[in-house]
Amino acid sequence: MLIYEDGDSRSDIQLKDDGHSRYPPSTLSDSSGSRGEKELEKEKERYQVVVVGEGVLVSEADNAVREAKTKIRRALHAVTMQLARWGLEVNGIVPIPEDQRTDKRLYQFFFVWFSANANILTLSAGTVGPAYYSLGIRDSFYVILVVDLITCAFPAFFSTFGPKLGTRAMVQSRFSWGYYGAILPSLLNVLSMQGYLIVNTIIGGQTLAEVSGHLSATLGIVVIALISLAITFCGCKVLHWYQTLIWIPNIVAFVVMLAVGGKQIVQAPVASATPAPPAMLLSFGSSLAATVVSWSTLAPDYGVYHDSKASAWKIFSYAYLGFFVSSLPAHMLGAAFAAAAVSVPSWEAGFQDGNDVGGLVAAILVPTGGFGKFLLVLLSLTAPSAVAPTMYTVCTSFMTIHRALARIPRFLIAFVSTAVLIPLAIVGAAKFYTTFVDILALIGYWITPFCAIVMTEHFLFRRGSYSLAAYDVPNAWSNPAHPNLPRGFAAFCALAAAVALIVPCIQQEWFTGPIAARGNTGDLGMIIGFAVSVPVYAGARWVEIWWMRRRRLQKRRKDSEARGMREESGEGIGRGGMLP
């Protein structure tokens, strides 16, 4: 479905003929008379659109429920139309036209990512260094600074695709992976983001459970999941409004935690008892990098309605600051509190051997009494600032896997995601850090080759341009044979080469590759995956372009020969192919 800004449409539903719209591409352009007028009229009716309220447009071609014959589909259609009347987003994955990308509030790029990272979830990522890899405060801080400086640039860059192209992340991936090739990253993104949802919901649920002995982590997980579902249900507009404000209680809580627990942090040892081996530093850096880089497959989704004429550097700057200014302090606070917990018995008891971040936060806030309990409630109930954007992207990625799935309303996919999320989070809560590190590793191993492939395509083959000539999104995004879409050969070659070298470099509890085992190098999987994917994709893409050009030339030659033969046979009948 599409969302149009229509300031004059503020009351009842209006039908509007969109038969010649470029979104989505249709066969309506074939109006040469080869088909009857009735058939053309039917097809125009199919692509009717509905404008509701302040700019919500429902494209029936995208949702494909208007022609539904079953009771279920008619019911879904009725729900979709009601949501549109309320002004909620009912958009699918169809790219937003350039003349509808007009939102000039670019500061939202800062707040959406600042709020998504300035919370207890990002703080928990920082605790991995001391709690899981036994690093000291100083070593953890060094790793955090370097990793955040570099990796925040990745999702910030991907944020530019939303306003510039109007495409969701996985739809944009078709321009490097090909129409059918993009099915693989879309599927991987659904699985990865669903795993990330599990981790985030566990942390929020555990924190809420610390408020009272009558609450359990299970109940907290259910509450956080349902709040996130409600925000996702409402769509991108509500999500941006939520993200603009929700960071405030989190920052207040962080300042109070630092004021209350700062003395214990100062007294804690700065370095670990034994020097940290480079392998541990690298493994922690990889886990931390995965938490930041994984936002790359979400970032374009939250800018598809923003100003397409805005500077790409301006968009990048807002997004980068949003990531960096929130991630760095939260990661460092997490590392400092986790490292200090060893020397503070009450903190260590609350931390439960690193399996309860919410318990650690509650122990830190004990001196503040009732106000601390209030802050715990705020911290837990703001967890959807990271969960809701992730669930939103699970929906859009799922819809990109197949045309049939794109017809399912987004809110229905969100319900299914929540139903899967809750039981898995309840089971995974018992072993939080094992679950956390394993999920982050699996995300990182595929996400860095993905980023390398998309970035190489954009900068090397599309010359860093977002123009119509470079991408031709309106005509190419859903047309597998369009010349602007690659065939996917290069992307799969790069991924295969990356996987072949990632596996020997893995160092995790569940598997250690031969290179990591012999050289004690730490987990080099993410770095190797990115480094290998760039040259392999570039070389394979050149071959693919040469092959595609050769096929087009051969086709033109055959067509030319066929025309020549027809002309020769026509001359046998008469001069110029006419009867004498």
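These are my notebook entries on a predicted model of one protein chain.

**Entry 1: overall make-up**

I started with the secondary structure. The protein chain comes to 28 helices and three strands. I then looked up burial. Of the 580 residues in the protein chain, 58% are buried. Next I checked how far contacts reach along the sequence. Among contacts between residues at least 6 apart, 81% join residues at least 24 apart.

**Entry 2: confidence**

I looked up pLDDT before reading any detail. The mean for the protein chain is 81, and 83% of its residues reach 70 or more. Helix α7 (residues 153–158) has the highest confidence, at 96. Strand β1 (residues 14–16) has the lowest, at a mean of 36.

Two stretches went on my caution list. Over residues 39–68 pLDDT stays under 50, and the model has 107 contacts beyond four places in sequence for them. Over residues 572–580 pLDDT also stays under 50, with five such contacts. Where pLDDT is low, the predicted coordinates should not be read in detail. I left both stretches there.

**Entry 3: helix α4 and Trp113**

I went to α4 next. I found 10 of its 10 residues buried. Among them are Gln108, Ser115 and Asn117, along with Phe109, Phe110 and Phe111. Which helices do the buried residues of α4 pack against? I listed α5 (120–133), α8, α13 (236–245), α14 (247–267), α16 and α20 (384–400).

Trp113 is also in α4. Trp113 has a relative accessibility of 0%, so I logged it as buried. Beyond its sequence neighbours up to four places away, Trp113 touches Ser159, Trp295, Leu298, Ala299, Tyr302, Ala319, Gly322, Phe323 and Ser326.

I then looked at the nonpolar cores. The largest has 139 residues. Trp113, Phe158, Met257 and Trp347 have the most contacts inside it. Helix α16 supplies the largest share of this core, 15 residues.

**Entry 4: aromatic pairs**

I counted rings next. The structure holds 34 aromatic pairs. I picked out two.

How are the rings of Trp113 and Tyr302 arranged? Their centres are 5.6 Å apart and their planes stand at 75°, over the 60 degrees needed, so I noted the pair as edge-to-face. The pair links distant parts of the chain, 189 residues apart. Trp113 sits in helix α4 (residues 108–117), and Tyr302 in the loop between α15 (278–293) and α16 (312–340). Tyr302 counts as buried because its relative accessibility is 1%.

The second pair is Phe161 with Tyr466. Their ring centres are 6.0 Å apart and the planes are at 65°, so this pair is edge-to-face. Phe161 lies in helix α8 (residues 161–165), and Tyr466 in the loop between α23 (432–461) and α24 (468–471), so the pair ties together parts 305 residues apart in sequence. Both Phe161 and Tyr466 are buried.

Phe161 and Tyr466 belong to one aromatic cluster with Phe157, Phe158, Trp177, Trp446, Phe450, Phe459 and Phe492.

**Entry 5: arginines over rings**

I searched for charges over rings. Arg462 has its charged end over the ring of Tyr471, 4.8 Å from the centre. Arg541 lies over the face of Phe461, at 5.6 Å from the ring centre.

**Entry 6: backbone angles**

Most residues other than glycine have a negative phi. I noted two residues with positive values. Arg463 has a phi of about 55° and is not a glycine. Arg463 is in the loop between α23 and α24. Asp472 has a phi near 50°. Asp472 is in the loop between α24 and α25 (473–476).

Are these two buried or exposed? Arg463 counts as exposed because its relative accessibility is 63%. Asp472 has a relative accessible area of 14%, so it is buried.

**Entry 7: cysteines and Ala225**

I looked for disulfides and found zero. Cys493 is partly exposed, at 27% relative accessibility. Cys505 is buried, at 5%.

My last stop was Ala225, in helix α12 (residues 217–234). Ala225 is buried, with a relative accessible area of 0%. Not counting residues up to four places away in sequence, Ala225 touches Thr201, Met391, Thr418, Leu421 and Ile422. I also took the C-alpha distance from Ala225 to Ala419. These residues are 194 apart in sequence and 9.1 Å apart in space.

Notes: Residues are numbered from 1 along each chain as its sequence is written. This is a predicted model: local features need pLDDT of at least 70, side-chain atom pairs count only at pLDDT 80 or more; totals for chains, interfaces and linings use all residues. Side-chain values use heavy atoms; hydrogens and water are left out. Helices (H or I, at least four residues) and strands (E, at least two) are DSSP runs, numbered from the N terminus. Buried means under 20% relative accessible area, exposed over 50%, partly exposed in between (1.4 Å probe, protein chains only). Contact means heavy atoms within 4.5 Å. pLDDT is the predictor's confidence in each residue, from 0 to 100. Rings of Phe, Tyr and Trp (its six-membered ring) pair if their centres lie within 6.5 Å; planes under 30 degrees apart count as stacked, over 60 as edge-to-face and the rest as tilted. A charge sits over a ring if NZ of Lys or CZ of Arg is within 6 Å of the ring centre and within 35 degrees of the ring normal. A nonpolar core is a set of buried Ala, Val, Leu, Ile, Met, Phe, Trp, Tyr and Cys residues joined through side-chain atoms within 4.5 Å. A disulfide is a pair of cysteine sulfur atoms within 2.5 Å.
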